[in-house]
Structures are given as C-alpha cells and as structure tokens.
Amino acid sequence: MVKNIIDVRNLSKSFDISSKEPGLKGTIKHFFRRQTKSLKVIKDISFEIKEGEIVGFLGANGAGKTTILKMLCGLIYPSEGSILVSGYLPFRRKENFLKNITLIMGQKQQLIWDLPPIESFYLNASIYDLDKFEAKKRIKKLSEMLEIDEELFIPVRKLSLGQRMKSELLAALIHEPNILFLDEPTLGLDINAQRNLRKFLQKYNKETNATICLTSHYMKDITSLCKRVICVHEGEISYDGKLDLLLKKLSPVKEILVVCCSEKDAIKLENSGFTVKNKIKNEITIKIENNSFTSSLKTILNNFDIKDLYINEPPVDEIIGKILVKKSYDI
Amino acid sequence: MNLRKYLKVYTKFLHTSLASELEYKTNILIDLITAILSLIGSIFLLSIFYQNNKSIGGWEFEEALIIQGIYTILNGITNTWFNPNLTEIVKHIREGTLDFVLLKPIDSQFFISLKKINPSGFLEIILGFCLLLICMIINQININLSFLCLSLITMICSIFILYGLWFFICTTTIWFVKTWNAIEVLRSFLYIGRFPLDSFSFTLRIFFSVFIPIAFITTIPSEVFLGVYQLWKILLEVAVATVFLMTSRKFWLFALKSYSSASS
C-alpha cells in the first residue's frame, strides 16, 4: 500500500488585511489610522496526498492555492489545524525536511542574474552539501533530461524565459527532492516550452517517484500531468478526486457532427430519435450522452449512409471554468 | 552547525558575488574613485574644523584622524558586506524571493547577511588601515600585545554593533515592507561617527551612546589606539555588541514568524 506523504487536517489560515477608501481623504485616513481586518483565506481544509502522486490544485485567482502550497512547504505558519509533510511539521523547517522538498515559482527566480546558471547550480550544491563530483553528475543528468547544454554557460540575463525556467528547474532539483511544489511553473512560456516542461516533469516523476503538487492556470498542464485535482474555492475545497470523473460529471454530453451522403439521409437521421442540435443540408449535429456514446455511434454507422463524422469534445478550459466559480461538487 | 559546510558555502558566496560584480567594470571603477574622493573630502572637512581650534573636545587633529581611519574601515565593511546584503532583505521581502532563502537547508540569517560582497568596499578598508598606520606614526603609538588585543576586540565589537543596527532596521521590513528611509537615517547618523564623541554636547553624547550607540563604534577603538582608554568603556562596548548580536538573532527568528510571503 502506498503511504501518505502529505497529511493535512482541518487547516485554516487568516491574514490581517488593511483596506483603504479611495481619494485623498481615504489616503490620509489610511496613513494615520490603518484599518485592518482578519481575513480567513483557508477554511478548515483536509486532504492527503500519496507518495508519487501528481496533484493539481485548481482555483480562481485568490482562491488560496498558493497559500496552501506555501503552508505545505513551511513558508507560512498555519493559523489552525495540522500539516505533516514526509513526517515533518513543515513550518519548523528542519534541515532534513528542507533537503526533501523544493518550491518552484513560475514568476520568481533564484538564479544569479549576472552569471551563467552553472554558477547558481554549484552554489546550491554546496548549500545542499553535495561534493563537486556528485554535483557535476547530477547537473549532467538533469541537463540531459531538460535538454539544456550551452545555456548553462550563458549569463541568466541573456537567456530566454523558457531557457531560464529550465535552468530554474535544474537549480531547484539538484538535491533530488522527493516532493516538488510547483506554483504556475509554465507561466509565460510558449507552447513548445510548456510541452517540454510537462514532459520533463512526467519523466522526473516516473524515474524518481517524486510527489508533485502543482498549481497552474494552463489547463493543459493539469490534464496532461494530474490524475487527481483538488479544487479550491474561496479557501475551501470544492472537489477532491479524479480529474476524468469531474470532467465526465461536468460534461455529460458529447456532440458529433455527421456529414451524411445526401440530405435525405440527414432527414432520416433527424427523425431517428437522437437529440439534434442543428441541421444544415446534409450536415447534422447530434448530442449524445457519455454513457451511451459507443452504442449510439455504432447505430449511426450501421444504419445510415455517412460521408464523414467529427466528435466535438467540449473544451477542458470551459469545463474547468465552471469549477472555479462553484462551491462544491459531489461526484 | 556544520562549520566545514558553512565555510564552503561562504567561499562560493565570495566567488559568485565577485564574478557578478566584475561583470560591470565601469561601476567598480566609479566606486573606487568615489571611495578615494570621499576620504579626501572627509579629511578636508575635518581640517576646516581644526583651522581655528587646536583641539575639539580634547582631541587634536592628528588624534581625530584616528577616528576618521576607524570610520573609513567600518564604512568599508558596511559597503563591502552590510549594504549589498542587508538592503537586499528589503528586495527579498517585497518580491517574495525570501521564500527561496527560507527553503534552503542553511541558516537564513547567515545566507542573507553574507551572500553578496561589494569588492570596491575593500579599497576603503585598505585606505582606512593606511590612514591608521600614518596616524600611528604621527602620534608615535607603541605596538604591543595588549594594544593589538584591545584594538582587535573593540574593532570587532564595533562591527557587531554596526551589523546589529543595520540588521534590526532591515528585519522590520517583514512588517513594514518599505524601510529605505530608516536605512538612510541610520546612514546619516553613522556620519557622526567620524567625529570624537567629546566634541558633542552632553545631551547628544547621551543620545549617541544610549539610543543609537554610534559613539561606541569609533570613539572607543580610537581611545585604545591613543592609549587613553578606560577599561569599563571597553567592557561596556563588549556588552553592547553582545546584546546587539544576540538581539539581531532573536529579532530575526521572531520576525520570520510574521513573514507572510508575497502573493503570486
């Protein structure tokens, strides 16, 4: 049985937030008497993550995804509840715990700006107590996996965003952590760079059995990497489970566009009991429920003269968009 | 604490920050020229004060130059280590990159206090030592073991007090986010360290000894150099330095509990 590597129980976090009225009067008032109020950004959440799992945290901006990630890696103290990551209380930031984890933030960088990435790698290696030989070996292995070579010797400021992100990953993984916290790692990257990064993460997970917790606004990151998602809505978990189950639940119907050989065939299909969305000459769009999709498709193919057929999957972004605004989902 | 590891990491810090700074040759050149001009300007200013007075607060010009020498060394240390590192704390907190520091298996105070160096500050340190050497010849100071020990102790204590002051202000960034003004005020106060404490009025002497102990930083080591020191003052400086160093540690650990990290 695979053991739990992350265990979160009744976790809550509140921040003191100051608010300001608009205009000069508001600014002066804000300067002399700042009004703060306590805002509960995470509300009594519980979940477990198993070793080797890749879990996607989904939610709108400000839903609390990053706060959860930062509490998991020990950057922020929780207000209530308990967290155990790899058997450690994260906020104590014990040396052995820190050697086990890494945090990668798409919008922030740790590489030394004026120097080639290789300098930052060796600096990190010395911080993680790796000898030169071991560091060299790991840099070689990871750079091969990430497909970077010459970039290692070019100053960071001269690298493209994609090359920089790959170097950031290498810097963050040089100590071979077991748990990766990734906060929007593909932010701002082009399509190819995003794909390469996803490919790398899949490979890293497969080779090292590392646990990955990921937040991203790019649905492709979530659908290609995560089997399980945790949806966060206003600090609460609105769904925790398999991604494909959620997609099926939220999109119970598929659409197929059938191009019949003649208009006569299209009329015959229109009157055969299927739910028709629209019909233009010999082209007819039909809605079919997911659970009867295969049998319905067989019926159409066997009983009608068909020239062509297109299956329209509803866009994942659209479905996920529905999750972000809803409080809870029972599957 | 694994000292070998920390030494290795510090060697890497030196290497990377030197390499970073050497990327900008002109900047280093300007810094070096500024350091030389600043010292010349300070000595010129001091000489103006002494144009019509043989002594100020009991200190003659040649003796006051010792204070200037010590100040230059300490200013060099500030520019080499404190300024590039501790002002970086403000940036780390504003931009949320302190996250990377806190997640490294290394002491965060060590990391943020020593990661960078500004090599042009070295020149100031060298110039300060040269000035001290000249003063020692002019003032005919005898070098013996007790002189060396006491001057070393008082200088180290001065560095710790200075570090404590800087670090304390920079740490408050965790709550106030922007503290540049406070740093500038501190820098302005530090200029006072170029003059003997006795040249100020009683009230100011109390202020610069108790509230912002600038007086300890330069005056006490200078008294050791001139052989006019009082033991209780040295002991007091050691006590103040210890308190500053320990408080900076406690204050940092306390402040980290309030660190909320920048939002993404």
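**Exercise 1. How are α3(B) and α6(B) oriented to each other: roughly parallel or roughly antiparallel?**

Solution. This is a predicted model, in which local features need pLDDT of at least 70, side-chain atom pairs count only at pLDDT 80 or more, and totals for chains, interfaces and linings use all residues. Residues are numbered from 1 along each chain as its sequence is written, while chains are lettered from A and ligands numbered from 1 in the order in which they are written.

Step 1. Find the elements. Helices (H or I, at least four residues) and strands (E, at least two) are DSSP runs, numbered from the N terminus. In chain B, α3 covers residues 61-95 and α6 covers residues 120-138.

Step 2. Recall the description. Two packed helices are described by the angle between their axes and the distance between the axes. Axes are lines fitted to C-alpha atoms, for helices over the stretch in contact, and angles run from 0 to 180 degrees between N-to-C directions.

Step 3. Read the values. The angle between α3(B) and α6(B) is about 165°, and their axes are 7 Å apart.

Step 4. Classify. Angles under 35 degrees count as roughly parallel, over 145 as roughly antiparallel, 65 to 115 as roughly perpendicular and the rest as oblique. Therefore α3(B) and α6(B) are roughly antiparallel.

Step 5. A crossing is left-handed if the near helix is turned anticlockwise from the far one by less than a right angle, and right-handed if clockwise. The crossing of α3(B) and α6(B) is left-handed.

Step 6. Sort the contact residues. Ala, Val, Leu, Ile, Met, Phe, Trp, Tyr, Cys and Pro count as nonpolar, Asp, Glu, Lys and Arg as charged, and the others, Gly among them, as polar. The contact of α3(B) with α6(B) has 13 nonpolar, nine polar and two charged residues.

**Exercise 2. Describe how α2(B) packs on α3(B).**

Solution. Step 1. Helix α2(B) spans residues 25-49. Its axis and that of α3(B) come within 11 Å and cross at roughly 150°.

Step 1. The two helices are therefore roughly antiparallel. Their crossing is right-handed.

Step 2. List the partners. Two residues are in contact if their C-beta atoms, placed from the backbone, lie within 7 Å. B:Leu39, B:Ser42, B:Ile43, B:Leu46 and B:Ser47 of α2(B) meet B:Phe61, B:Ala64, B:Gln68 and B:Thr72 of α3(B).

Step 3. By class, this contact has five nonpolar, four polar and no charged residues.

**Exercise 3. Work out how α4(A) and α6(A) lie against each other.**

Solution. Step 1. The axes come within 9 Å and cross at roughly 15°. That makes α4(A) roughly parallel to α6(A).

Step 1. The crossing is right-handed.

Step 2. On α4(A), the residues are A:Pro117, A:Ser120, A:Phe121 and A:Asn124; they meet A:Ser167, A:Leu170 and A:Ala171 on α6(A). These divide into four nonpolar, three polar and no charged residues.

**Exercise 4. Which residues have the most contacts inside the largest nonpolar core?**

Solution. Step 1. Define burial. A residue is buried if 20 or more other C-beta atoms lie within 10 Å of its own, exposed if 12 or fewer, and partly exposed in between; C-beta atoms are placed from the backbone.

Step 1. Define the core: a set of buried Ala, Val, Leu, Ile, Met, Phe, Trp, Tyr and Cys residues joined through C-beta atoms within 7 Å.

Step 2. The largest core has 75 residues, and A:Phe57, A:Leu72, A:Leu170, A:Phe181 and A:Cys213 have the most contacts inside it. Helix α6 (residues 161-173) of chain A gives the most to this core, with six residues.

Step 3. A second, separate core has 49 residues, including B:Trp81 and B:Leu132.

**Exercise 5. Which element gives the largest share of the side of chain A that touches chain B?**

Solution. Step 1. The contact takes 28 residues from chain A and 22 from chain B.

Step 1. On the chain A side, α2 (65-72), α3 (95-98), β5 (101-105) and α4 (117-127) give two or more residues. The largest share, five residues, comes from α4(A).

Step 2. By class, this side has 14 nonpolar, four polar and 10 charged residues.

**Exercise 6. Is A:Lys281 buried or exposed?**

Solution. Step 1. A:Lys281 sits in the loop between β11 (275-280) and β12 (283-289) of chain A.

Step 1. A:Lys281 counts as exposed because it has 10 C-beta neighbours inside 10 Å.

Step 2. Check the backbone. Phi of A:Lys281 is near 50°, a positive value in a residue other than glycine.
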